[in-house]
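Please open the model in a viewer and keep the selection tool at hand.

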Amino acid sequence: MARPLRIEFEPESGDQADQHRLCRVFQLKGKKGNLARDVAIYLCRELTGETSAALGRRFDITGAGIAARHDRIAKKLEADRKLKGRDDRIRRKILYI
């Protein structure tokens with residue numbers, strides 16, 4: 001297995017409004033309507049190799065919630081080509097920095 005990635009958000013000294021919007025995306029909670037957060041959870045689980053419980057502490061939800069969101073996005077990626085394309089672009093940007 002490949003060595004796990006360590007993904008952290010470190011704000012740059014750029015536009016404060018952009019940083020605030022990005023932080024809000026991942027802080028919003030709720031069962032529906034936060035696709036960006038769910039995709040971030042999916043990618044973190046896929047790319048880092050961390051346990052669901054460890055990721056749950058980072059995203060402030062349970063380990064079971066991490067697993068449920070991961071499975072939901074995995075199914076959605078199979079059905080939605082546009083989302084799959086976005087997922088591929090994000091992966092390439094993360095892996096080939």
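**A helix pair and its surroundings**

Begin by selecting helix α2 (residues 35-48) and helix α3 (residues 52-59): their axes come within 11 Å and cross at roughly 140°. Axes here are lines fitted to C-alpha atoms, for helices over the stretch in contact, and angles run from 0 to 180 degrees between N-to-C directions. Helices are DSSP runs (H or I, at least four residues), numbered from the N terminus.

The model is predicted; local features need pLDDT of at least 70 and side-chain atom pairs pLDDT 80 or more, while totals for chains, interfaces and linings use all residues. Residues are numbered from 1 along each chain as its sequence is written, and side-chain values use heavy atoms, without hydrogens and water.

Arg37, Ala40, Ile41, Cys44, Arg45 and Thr48 of α2 are in contact (heavy atoms within 4.5 Å) with Ser52, Leu55 and Phe59 of α3. By class, five of these residues are nonpolar, two polar and two charged.

Move on to Gly49, which follows α2 and has a positive phi, near 80°.

Finally, select Val39, Tyr42, Leu43, Leu47, Ile73, Leu77 and Leu83, the largest nonpolar core; such a core is a set of buried Ala, Val, Leu, Ile, Met, Phe, Trp, Tyr and Cys residues joined through side-chain atoms within 4.5 Å. Its largest share, four residues, comes from α2. Another core, of six residues, lies apart from it and includes Ala40, Leu55, Phe59 and Ile66.

Notes: Helices (H or I, at least four residues) and strands (E, at least two) are DSSP runs, numbered from the N terminus. Ala, Val, Leu, Ile, Met, Phe, Trp, Tyr, Cys and Pro count as nonpolar, Asp, Glu, Lys and Arg as charged, and the others, Gly among them, as polar. Buried means under 20% relative accessible area, exposed over 50%, partly exposed in between (1.4 Å probe, protein chains only).
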